[in-house]
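Please view the sequence and the model together while reading.

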Amino acid sequence: MPLPKAELHLHIEGTLEPELAFALAARNEVALPYADTDELREAYRFEDLQSFLNLYYELMAVLRTERDFEDLADAYLARAAAQGVRHAEIFFDPQAHIARGVAMGTVVEGLWRALARSEDTYGVSTQLIMCFLRDESAESARETLEAAKPYLDRIVGVGLDSAEVGHPPAKFREVYQAAAGLGLRRVAHAGEEGPPSYIVEALDVLGVERVDHGLRCMEDEALVERLVRERVPLTLCPLSNVRLRAVDALADHPLPAMLDAGLLCTVNSDDPAYFGGYAGDNFDAVRSTLGLGEERLRELARNSFLASFLEHDEERRARYLAEVEAYEFG
Ligand SMILES: [Zn+2]
C-alpha cells in the first residue's frame, strides 16, 4: 500500500497519455502527426520547455467534448489512486481550450463528471483550480474569470502557469483581487525558472496562499526565513524539475536542504504523462535518489494535507492526517 498523500500541483492537460490521445483523436476525427503511440511516446522525450509546450498545446486538439475531459480526468484519478493519492487539487487551463473554440462550460462540466464520482470510485476527494496563462494578457485573464462565474461552485481557486520568465506576477494584480473578492483561493507558479523576487511578488501583490514550485527561494535567505515563519506551502515537482532543466539532475535537487531549512514542502507530479511519473513515482524518486528517510517522507505526506484547501472539511483533513501517522513503510 502506498503512502497516503494529497496532490496539489497537477495540470489535468498534462496527464494525457499517448494511448488516450490516440483514442480521443480517433473519436473526434482529429489527425495527429504521429504514426502510432510508440512514435508519440518518442515525442514525449522533448529536450526543453519550448518543445514540451509545443507538444502540450498540439495534443490539446484532441480534447473537444465534455466526455473527452471526463475521460481525461477519470484516467488521471485511477492512476493517482493507485499511487496513494487521497485528495487532488487539479489545475486546468481554460484559455488553452477557449482559444480552440471549446467553451468553459464544456471543460468544467466534463471534468466535473469524473470528479463528482471520484470519491465513490477511487476514494479520492478532489477540487478544481482554474489557472490563467501568464504569457497571455491580463485582459484575457479577466475575461476568463468572467466566463467562469457560472461555475464558481465547482472551482475552489485560481492559479497562474505557463512560461514564467518575463511575465511577473504583478501583471495579474487586478484579476487576483477580483478572484479574492469572489471568495476564490489563490496560488501561483513562481520561482521555478523565474527569480526569487517573483515569489515575493506573488505573496505581496497577488496574495497567494501557496507557491507552486518556488524552489528558487533558496537563493534568498530572507525569503526562506519568511516562508518558514509564515508557513507558506511550496508545491515541488522533482521529476518535472529534471525534465525541464530547473535542476541538472535529481541528485542535485534542493528538496533535502529545503526540508532542513524548515520549509513546508510538498511533492507533486506537475504534468505526469510528460515528465516521467505520477505523485507516487515522484515520492519513490526522491526516496531512492535523494535518500530521504521514512520520517521525511511522512513529513512530506503530512505537509500535503496541511497545505490542502480542506478548510471546509477539517474532519476529512484530520482523517487523512491520521492515515499518514498510522502508515507503516514496507
Ligand atoms: Zn505546473
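Leaving aside neighbours within four places in sequence, Asn-282 is in contact with Cys-237, Pro-238, Leu-239, Val-267, Asn-268, Ser-269 and Gly-277. The model is a predicted one.

**Asn-282**
- Asn-282 belongs to helix H15, which spans residues 279-290.
- The relative accessible area of Asn-282 is 0%, so this residue counts as buried.

**Helix H1 and its buried face**
- Helix H1 covers residues 18-28, and its buried residues are Pro-18, Leu-20, Ala-21, Leu-24 and Ala-25.
- Viewed down the axis of H1, these buried residues lie within an arc of 160°, and therefore they line one face of the helix.
- The cover over the buried residues of H1 includes helix H2 (37-43) and H4.

**Packing of H1 with H4**
- The axes of H1 and H4 are 11 Å apart, and the two helices pack at an angle of about 165°.
- Because an angle over 145 degrees counts as roughly antiparallel, H1 is roughly antiparallel to H4.
- H1 and H4 cross in a right-handed sense.
- On the H1 side the contact involves Leu-20, Leu-24, Arg-27 and Asn-28, while H4 supplies Arg-67, Asp-68, Asp-71, Leu-72 and Ala-75.
- Sorted by class, the residues in this contact are four nonpolar, one polar and four charged.

**Packing of H4 with H6**
- Helix H4 (residues 66-82) and helix H6 (residues 104-116) have axes that come within 7 Å and cross at roughly 40°.
- That angle makes H4 oblique to H6.
- The crossing of H4 and H6 is right-handed.
- H4 contributes Glu-66, Arg-67, Phe-69, Glu-70, Ala-73, Asp-74 and Leu-77 to the contact.
- H6 contributes Gly-105, Thr-106, Val-107, Glu-109, Gly-110, Leu-111, Arg-113, Ala-114 and Leu-115.
- By class, the contact between H4 and H6 holds seven nonpolar, three polar and six charged residues.

**Helix H10 and its buried face**
- In helix H10 (residues 196-204), the residues Pro-196, Tyr-198, Ile-199, Ala-202 and Leu-203 are buried.
- The buried residues of H10 fall within an arc of 155° when seen down the helix axis, so they line one face of the helix.
- Strand S5 (185-190), strand S6 (210-213) and helix H11 (221-229) pack against the buried residues of H10.

Terms used:
Residues numbered from 1 in each chain as written. Predicted model: local features only at pLDDT ≥ 70, side-chain atom pairs only at ≥ 80, totals over all residues. Heavy atoms only, no water. Axes fitted to C-alpha atoms, helices over the stretch in contact; angles between N-to-C directions. Helix = DSSP H or I, 4+ residues; strand = E, 2+ residues; numbered from the N terminus. Parallel < 35°, antiparallel > 145°, perpendicular 65-115°, else oblique. Left-handed = near helix turned anticlockwise from the far one by under 90°. Contact = heavy atoms within 4.5 Å. Nonpolar A, V, L, I, M, F, W, Y, C, P; charged D, E, K, R; others polar. Buried < 20%, exposed > 50% of the residue type's maximum accessible area, 1.4 Å probe, protein only. Arc of directions from axis to C-beta.
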